[in-house]
Amino acid sequence: MATPEARIQQLKLTLPAVPKPVAKYKTALLVGNMLYVSGHGPIKTDGKSAIVGRVGADLTLEQGKEAARSVGLAVLSTVRNSLGSLDRVKRLVKTLGLVNSTVDFKDHPQVINGFSELMAEVFGEDAGVGTRSAVGMGSLPGNIPVEVECLFEVTG
């Protein structure tokens with residue numbers, strides 16, 4: 001399989017500008033060989049929020065899944081900025097996906113698949129698939145539909 005940076009090119013993906021923190025935290029923190037990535041929301045390539053609303057009310061499952069994929073692009077941008085290259089990622093270890101949804105919405109894992117499928121496309125079916133939780137939330141900051149935080153193992 002091609003390197004992650006080559007896969008970005010092959011898939012014709014455009015990464016957005018590196019997201020800036022919206023409060024007092026770091027978007028990513030490298031500790032030893034682990035890169036901890038703070039919660040990211042969906043953003044457009046111009047840096048503004050791409051999608052807002054609650055899945056199950058304002059957005060369909062497919063729109064929520066697309067929002068999760070958008071979050072993945074933002075995370076990739078942060079990881080590249082933190083490491084200098086996505087090729088330094090050894091594997092995705094853990095994903096926590098939060099879905100802003102109605103109380104009767106039950107398909108949170110399918111929404112977060114938008115993020116997970118992108119990671120598998122970029123890093124491969126083994127290195128791009130780690131452990132994961134996908135949960136529903138009553139609200140998320142700025143009424144974004146999806147927030148994802150994750151943990152990567154990286155090479156020196």
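## A five-stranded mixed sheet

Five strands form an open sheet with mixed pairing, in the order β1-β2-β5-β3-β4. Strands β1 (28-31) and β4 (131-137) are the edges: each has a single partner strand, so one side of each is left without a neighbour in the sheet. Direction ignored, neighbouring strands of this sheet are turned by 15 degrees against each other on average. Such angles are taken between axes, which are lines fitted to C-alpha atoms (for helices over the stretch in contact), with N-to-C directions giving values from 0 to 180 degrees.

The model is predicted: local features need pLDDT of at least 70 and side-chain atom pairs count only at pLDDT 80 or more, while totals for chains, interfaces and linings use all residues. Residues are numbered from 1 along each chain as its sequence is written, and side-chain values use heavy atoms, with hydrogens and water left out.

Strands (E, at least two residues) and helices (H or I, at least four) are DSSP runs, numbered from the N terminus. Two strands pair if DSSP finds at least two bridges between them. Strands of a sheet pair through backbone hydrogen bonds, either parallel or antiparallel.

### Strand pairs

| Pair | Sense | Bridges | A facing pair |
|---|---|---|---|
| β1 and β2 | antiparallel | four | V31 and M34 |
| β2 and β5 | antiparallel | five | L35 and F152 |
| β3 and β5 | antiparallel | nine | K94 and L151 |

Strand β3 covers residues 89-100, and β5 covers residues 146-154. Strands β1 and β2 form a hairpin with two residues between them. In this hairpin, G32 takes a positive phi near 60 degrees.

### Buried and partly exposed positions

Buried means under 20% relative accessible area, exposed means over 50%, and partly exposed lies in between (1.4 Å probe, protein chains only). Contact means heavy atoms within 4.5 Å.

T95 is found in β3. Its relative accessible area is 2%, so T95 is buried. Leaving aside neighbours within four places in sequence, T95 is in contact with F115, T131, R132, S133, V148, E149 and C150.

E153 is found in β5. With a relative accessible area of 19%, E153 counts as buried. Residues up to four places away in sequence aside, E153 touches N33, M34, R88, V89, K90, R91 and V93.

Y36 lies in β2 (residues 34-40). Its relative accessibility is 43%, so Y36 counts as partly exposed.

### Positive phi in the loops

Most residues other than glycine have a negative phi. K12 is not a glycine, yet its phi is positive, about 55 degrees. K12 sits in the loop between α1 (4-10) and β1. Its relative accessible area is 72%, so K12 is exposed.

N143 also is not a glycine and has a positive phi, near 60 degrees. N143 sits in the loop between β4 and β5. At 33% relative accessibility, N143 counts as partly exposed.
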